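The sequence and structure come first.

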Amino acid sequence: MPMAYEALWHEYMQMPVVTRAYTTACVITTLAVQLDLVSPFQLYFNPILIVEQYQIWRLITTFLFFGNVGFNLLFNMIFTYRYCRMLEEGSFRRRTADFVMMFIFGGICMITFAFFVNLLFLGHAFTIMLVYVWSRRNPFVRMNFFGLLNFQAPYLPWVLLGFSVLLGNTIWVDLVGMAVGHTYYFAEDVFPRLRGGFRILKTPQILKTLFDAHPEDPDYMPPPEDRPGGFNWGQEANVQ
């Protein structure tokens with residue numbers, strides 16, 4: 001038992017820092033709800049309570065709760081952990097500050113959407129954003145969805161959209177995640193490569209000081225990920 005605990009702890013500590021922090025926060029929030037320590041009504045996005053009663057924590061907790069224990073929760077947590085880690089270990093390797101900046105950018109965009117679309121929890125949309133960015137940076141990776149569908153990575157967000165609809169989820173959550181993911185991808189990967197283009201998103205120096213041990217090349221543009229998270233380039237991978 002102690003050896004199993006040590007192995008589990010070692011594996012946990014091997015997770016990159018942003019992935020470890022975010023997934024841990026999601027698990028702790030879920031456990032707190034299951035143990036009746038907090039109520040989902042204290043966590044959901046409510047602009048009136050945020051503005052009038054200064055319940056600022058809702059800007060964060062709306063991204064941390066994926067619902068009660070069940071298939072939906074398991075599905076979201078697996079995808080969140082998997083694609084967050086592959087991004088952080090892939091194109092964001094040694095660029096933790098830029099990865100944190102993507103989190104901040106995505107969060108601000110989704111909060112803005114939530115003011116106009118009635119979305120209470122944004123964790124699933126955030127997961128879709130991570131999946132979208134990864135899929136666009138790995139366009140030639142072959143995917144297999146539960147042994148039923150074979151497709152290339154850029155179609156993965158659309159497959160998840162269809163699967164989410166089958167589970168009875170609202171379509172707007174996935175569409176918001178895809179819209180924000182595409183906005184980030186265009187700003188960071190497409191526009192800088194156009195004639196006269198430049199990097200729109202500038203990571204603040206304070207984030208680089210906090211998270212990056214090495215200075216970043218100001219002209220850096222993220223390349224396609226070669227072999228993220230154990231995927232072999234061009235070979236078929238299973239989505240689980």
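**Packing and enclosed space**

F45 counts as buried, at 3% relative accessibility; buried means under 20% relative accessible area, exposed over 50% and partly exposed in between, with a 1.4 Å probe and protein chains only. The model is predicted: local features need pLDDT of at least 70, side-chain atom pairs count only at pLDDT 80 or more, and totals for chains, interfaces and linings use all residues. Residues are numbered from 1 along each chain as its sequence is written, and side-chain values use heavy atoms, with hydrogens and water left out.

**Aromatic pairs**

- The count of aromatic pairs comes to 18, where rings of Phe, Tyr and Trp (its six-membered ring) pair if their centres lie within 6.5 Å, and planes under 30 degrees apart count as stacked, over 60 as edge-to-face and the rest as tilted.
- F45 and F115 form one of these pairs, edge-to-face, at 5.3 Å centre to centre and with 90° between the planes.
- F45 lies in the loop between helix 2 and helix 3 and F115 in helix 6, so this pair ties together parts that are 70 residues apart in sequence. Helices (H or I, at least four residues) and strands (E, at least two) are DSSP runs, numbered from the N terminus.
- F115 is partly exposed, with a relative accessible area of 44%.
- The ring centres of F105 and Y184 are 5.9 Å apart and the planes stand at 50°, so that pair is tilted.
- Because F105 lies in helix 6 and Y184 in helix 9, the pair ties together parts that are 79 residues apart in sequence.
- F105 counts as buried at 15% relative accessibility, and Y184 counts as buried at 2%.
- A cluster linked by ring pairs contains Y22, F63, F92, F99, F103 and F126.

**Nonpolar core**

- The largest nonpolar core holds 57 residues, of which M102, M110 and W134 touch the most other members. A nonpolar core is a set of buried Ala, Val, Leu, Ile, Met, Phe, Trp, Tyr and Cys residues joined through side-chain atoms within 4.5 Å.
- The elements that give two or more residues to this core are helix 2 (17-34), helix 5 (71-89), helix 6 (96-116), helix 7 (123-137), strand 1 (142-145), helix 8 (156-166) and helix 9 (171-190).
- Helix 6 gives the most to this core, with 11 residues.
- Leaving aside neighbours within four places in sequence, M110 is in contact (heavy atoms within 4.5 Å) with F63, L122, A125, F126, M129, V176, G177 and V180.

**Pockets**

- The largest pocket contains about 420 Å³ of space. On a 1 Å grid over the protein atoms alone, a pocket is an open set of points with protein on both sides within 12 Å along at least five of seven lines, a cavity is a set of points where a 1.4 Å probe fits but cannot get out, and lining residues have an atom within 4 Å of a point. Grid points are joined across faces, edges and corners, and a volume is the space filled by probe spheres set on the points.
- Among the 17 residues that line the largest pocket, I60, F63, F103, I104 and F126 are the closest to its centre.
- Helix 6 gives the most to this lining of the largest pocket, with six residues.
- The lining of the largest pocket divides into 16 nonpolar residues, one polar and no charged; Ala, Val, Leu, Ile, Met, Phe, Trp, Tyr, Cys and Pro count as nonpolar, Asp, Glu, Lys and Arg as charged, and the others, Gly among them, as polar.
- The second largest pocket contains about 340 Å³ of space.
- Of the 15 residues that line the second largest pocket, F66, F121, H124, N169 and V173 are the closest to its centre.

**Cavities**

- There are two cavities of 30 Å³ or more.
- The largest cavity has a volume of about 50 Å³ and is lined by F92, R95, D98, M101, M102, Y184, E188, R199, L201 and T203.
- The lining of the largest cavity divides into five nonpolar, one polar and four charged residues.
- The second largest cavity, with about 30 Å³ of space, is lined by F75, N76, F79, H124, T127, I128 and L160.
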